[in-house]
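Here is a short report on one protein chain. Keep the sequence and the 3D view open as you read.

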Amino acid sequence: MSRSRILVLFADPAFERSRGNRFQVGAVPQVDDHTFRDLYEEYPDCIDVSTEQQLLVEHEVIVLQRPLYRYSCPALL
């Protein structure tokens, strides 16, 4: 049985102040079938839509990781 390719889309505009997300990011495995994307690091100005769409197509499982204190998603996500 093969493992699913997992894409983690991480969006925390205040990551340097976040204790919870820092812990969670450290727990993401660094293996071949996981792709971790820090959207605020990748796109300080403009989003590359075609790259992000291609990543969504290439992965089977999509994880949206965002701050836990918000009632909605950060704007970039």
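Which pattern does the protein follow when read along the sequence? The pattern is β-α-β-α-α-β. That gives three helices and three strands. Helices (H or I, at least four residues) and strands (E, at least two) are DSSP runs, numbered from the N terminus.

This is a predicted model, in which local features need pLDDT of at least 70, side-chain atom pairs count only at pLDDT 80 or more, and totals for chains, interfaces and linings use all residues. Residues are numbered from 1 along each chain as its sequence is written, and side-chain values use heavy atoms, with hydrogens and water left out.

**Overall numbers**

The protein has 77 residues, and buried residues make up 34% of them. Buried means under 20% relative accessible area, exposed means over 50%, and partly exposed lies in between (1.4 Å probe, protein chains only). The accessible surface comes to about 5700 Å². Carbon and sulfur atoms hold 54% of that surface. These areas come from the Shrake-Rupley method with a 1.4 Å probe; for residues, only the protein chains shown count as cover.

Now take contacts, meaning heavy atoms within 4.5 Å. Among contacts with a separation of 6 or more, 76% join residues 24 or more positions apart.

**Strands S1 and S2**

Strand S1 covers residues 6-10, and it pairs with S2 in the parallel sense over five bridges. Two strands pair if DSSP finds at least two bridges between them. Strand S2 spans residues 34-38 and is mostly covered, with four of its five residues buried.

Val8 lies in strand S1. Its bridge partner in S2 is Phe36. Val8 counts as buried because its relative accessible area is 6%. Leaving out residues up to four places away in sequence, Val8 touches Thr35, Phe36, Arg37, Val63 and Gln65.

His34 sits in strand S2. A relative accessible area of 18% makes His34 buried. The C-alpha atoms of His34 and Ile6 are separated by 4.8 Å, although the two are 28 residues apart along the chain.

| Pair | Separation along the chain | C-alpha distance |
|---|---|---|
| His34 and Ile6 | 28 residues | 4.8 Å |
| Glu41 and Ala11 | 30 residues | 9.0 Å |
| Val8 and Leu39 | 31 residues | 10.0 Å |

Glu41 belongs to helix H2 (residues 39-42). At 64% relative accessibility, Glu41 is exposed.

**The core**

Which residues make the largest nonpolar core? There are seven: Leu7, Leu9, Ala11, Leu39, Tyr43, Leu55 and Leu76. A nonpolar core is a set of buried Ala, Val, Leu, Ile, Met, Phe, Trp, Tyr and Cys residues joined through side-chain atoms within 4.5 Å. In soluble globular proteins, nonpolar side chains tend to be buried together.

Ala11 is one of the core residues. Not counting residues up to four places away in sequence, Ala11 touches Leu39, Tyr40, Gln65, Arg66, Pro67, Pro74 and Leu77.

**Salt bridges**

How many salt bridges does the structure hold? It holds two. A salt bridge is a side-chain nitrogen of Lys or Arg within 4 Å of a carboxyl oxygen of Asp or Glu.

Glu52 forms one with Arg37, and the closest N and O atoms are 2.4 Å apart. This pair links distant parts of the chain: Glu52 is in helix H3 (residues 49-58), Arg37 is in strand S2, and they are 15 residues apart. Arg37 also forms a salt bridge with Glu42, where the closest N and O atoms are 3.7 Å apart.

Glu42 is partly exposed, with a relative accessible area of 41%.

**A nonpolar surface patch**

Leu56, Ile62 and Leu64 make a nonpolar surface patch of about 260 Å². Patches are made of residues with over 30% relative accessible area and no salt bridge: like charges are joined within 9 Å, nonpolar side chains (Val, Leu, Ile, Met, Phe, Trp, Tyr) within 5 Å. Ile62 is found in strand S3 (residues 61-65). Ile62 counts as partly exposed because its relative accessibility is 36%.
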